[in-house]
Amino acid sequence: MISEKLHKGQLLIAEPSIIGDISFNRSVILLADHNDEGSVGFILNKPLNYSINDLIPEIESSFEVYNGGPVEQDNLYFIHTIPDLLPNSIEISHGIYWGGDFELTKELINNGTIQRDSIRFFLGYTGWGAQQLESELQVNSWIICTNTYENKILGKSSNDFWKEKIMELGGDYLIWSNAPENPILN
């Protein structure tokens with residue numbers, strides 16, 4: 001389950017020691033790109049109190065919007081599993097794609113062709129400069145895991161996803177699976 005070398009398509013699980021960081025505490029991030037210049041990812045388990053219709057009124061849908069990360073939170077991003085419907089998509093891995101023709105995306109959502117389990121929208125993204133993510137891994141901020149869900153990851157429940165991944169790790173992590181988000185409240 002735990003991988004040694006970083007590459008796009010992996011999951012980054014926030015270490016339980018990340019406390020008080022509103023963006024990353026108990027986050028599960030899909031690494032969308034990783035190269036010598038840096039890394040980009042999207043937080044999968046932090047839904048916002050917005051639907052896509054709240055942000056883009058011409059989309060007649062209530063698809064949830066997630067906090068993708070602290071970078072460029074005024075921009076909307078999306079990942080999906082339908083590259084045959086959305087030209088110009090970039091494959092992340094295992095049938096998960098990033099972006100594509102947004103005008104066509106709006107049209108296909110409105111006519112019911114795109115379903116909620118095949119696309120996820122994010123405000124912002126998570127970004128790291130060259131070697132920054134590797135440095136954070138050296139100080140144990142993240143646990144690298146293989147995305148065993150592959151393109152089914154968009155259907156994962158967001159509320160308990162971090163807890164589920166921590167429980168899968170077992171060992172010393174099990175104690176954290178039921179700990180309150182803020183240990184002071186314990």
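**Exercise 1: The surroundings of S51**

Apart from neighbours within four places in sequence, S51 is in contact with S61, S62, F63 and V65, where contact means heavy atoms within 4.5 Å. The model is predicted, so local features need pLDDT of at least 70, side-chain atom pairs count only at pLDDT 80 or more, and totals for chains, interfaces and linings use all residues. Residues are numbered from 1 along each chain as its sequence is written, and side-chain values use heavy atoms, with hydrogens and water left out.

Task: Determine whether S51 is buried or exposed.

Solution. 
Step 1. Recall the cut-offs: buried means under 20% relative accessible area, exposed over 50%, and partly exposed in between, with a 1.4 Å probe and protein chains only.
Step 2. The relative accessible area of S51 is 12%, and therefore S51 is buried.

**Exercise 2: Strand pairing**

Task: State which residue in β5 is the bridge partner of S51, and how β4 and β5 run.

Solution. 
Step 1. Locate the residue: S51 is found in strand β4. Strands (E, at least two residues) and helices (H or I, at least four) are DSSP runs, numbered from the N terminus.
Step 2. Apply the pairing rule, by which two strands pair if DSSP finds at least two bridges between them. Two bridges join β4 (residues 47-51) to β5 (residues 64-67), and these strands run antiparallel.
Step 3. Identify the partner: S51 is bridged to E64 in β5.
Step 4. Continue to the other pairing of β5: three bridges join β5 to β9 (residues 119-129), and the two run parallel. Here N67 has L123 of β9 as its bridge partner.

**Exercise 3: The nonpolar cores**

Solution. 
Step 1. Define the term: a nonpolar core is a set of buried Ala, Val, Leu, Ile, Met, Phe, Trp, Tyr and Cys residues joined through side-chain atoms within 4.5 Å.
Step 2. The largest such core has 36 residues, and L11, L12, L44, I79 and W142 have the most contacts inside it.
Step 3. Among the elements giving two or more residues to this core are β1 (11-14), β2 (28-35), β6 (71-80) and α4 (161-169).

**Exercise 4: The whole chain**

Task: State how many helices and strands the protein chain has.

Solution. 
Step 1. The protein chain contains five helices and ten strands.
Step 2. Of its 186 residues, 48% count as buried.
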